[in-house]
Every structure is written in C-alpha cells, then in structure tokens.
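Notebook, one sitting. I opened the model and wrote down what I looked up.

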Amino acid sequence: MHCLVNLHGGMELLTPPGERETVFSQPGMRKWYLRAPVEQGTCGWLYPVQGVRAEYHYDAMKLPYLSYWETRGGYRGDHNAALEPAACGFDSVAYALKAGPCPILQPHEEIGFAIEIQLASMKTH
C-alpha cells in the first residue's frame, strides 16, 4: 500500500528514526526502506509553504516496515513520491523470506489494517 503525493518545493519528509537501506538511486529516481521494524506507525510530510502537516497513522504491529520512493522526472516525467507501510521490508518476496520475518497468508486467510490520514495546520500562535 502506498500513499502517493506530488512533490513540491520545500516539502519535508517525516519518518521514524532508523537506518536506511537504499534499493536504488539514479538520476530522477530513488528508493529506500528502513532496515528495522518501526516502533510507532507514524510517517508523513510537512508542507511549510502551504503551512500544512500531513501524517499517516497505522498499526506498526501489522505493518512494521516502511519504505519510500520518489521520482523527479525519472519515470514518465512524473514528480511524485510515496511512503509505503508494509508487512515486509523488501521489494522481492524471495529476498524478504531469506532476510527475516515475512508473513505469508494462507489460502482464504485475511489480514485487516487501517491507515488514518491526518491534516493539520503548521501555524503556531
């Protein structure tokens, strides 16, 4: 699941602390993930020019990994980015299974989760 946003000048990324592992980085595109599971399911963006803070809140027990990708014209000319809370920390399921815990749903098994998007003013009084 990813929450896609358009990139704007001055935007700031909000992520939990942690060591980042780069998946790829080339002109106009990059992707990384946090190596360790997150303790708190909160991430998002600051839009200082617009005075807005956008946060995503989710259950870190169900979606313990977080990755990020962006394209600045490197894919179809798009300028966007996404934060991706996930059950595994890698793009490849085969790699994820070798690297560590990766939940596998059995036939007819379900998993449920919610992501709350919160918008707030950054203005201080």
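I started at Y65, which stands opposite A86 in β8. I then looked at the two strands concerned: β7 (residues 65–72) and β8 (residues 79–86) run antiparallel and are joined by 8 bridges. I note that this is a predicted model, in which local features need pLDDT of at least 70, side-chain atom pairs count only at pLDDT 80 or more, and totals for chains, interfaces and linings use all residues. Numbering runs from 1 along each chain as its sequence is written, and side-chain values use heavy atoms, with hydrogens and water left out.

Sheet. I traced an open sheet of 5 strands in the order β1-β8-β7-β4-β3, with antiparallel pairing. Two strands pair here if DSSP finds at least two bridges between them. At the edges I found β1 (3–6) and β3 (20–26), each of which pairs on one side only. From one strand to the next the twist averages 10 degrees (axes are lines fitted to C-alpha atoms, for helices over the stretch in contact, and angles run from 0 to 180 degrees between N-to-C directions).

Whole chain. I counted 1 helix and 9 strands in the protein chain; these are DSSP runs numbered from the N terminus, helices being H or I of at least four residues and strands E of at least two. Along the sequence the pattern reads β-β-β-β-β-β-β-β-α-β. The C-alpha trace spans about 50 × 35 × 30 Å along its principal axes. Of the 125 residues, 35% are buried (under 20% relative accessible area; exposed is over 50%, partly exposed in between, with a 1.4 Å probe and protein chains only).

Loop between β7 and β8. I found D78 in this loop. D78 counts as buried because its relative accessible area is 19%. Its side chain makes a polar contact of 2.8 Å with that of R76 (a pair of N or O atoms within 3.5 Å; within protein, one must be able to donate a hydrogen and the other to accept it, and residues adjacent in sequence count only if both atoms are side-chain atoms).

Loop between α1 and β9. I placed I111 in the loop between α1 (93–99) and β9 (115–121). Is I111 buried or partly exposed? I111 counts as partly exposed, because its relative accessibility is 49%. I also checked I111 against W45: they are 66 residues apart in sequence and 27 Å apart in space, C-alpha to C-alpha. The loop between α1 and β9 also holds I104.
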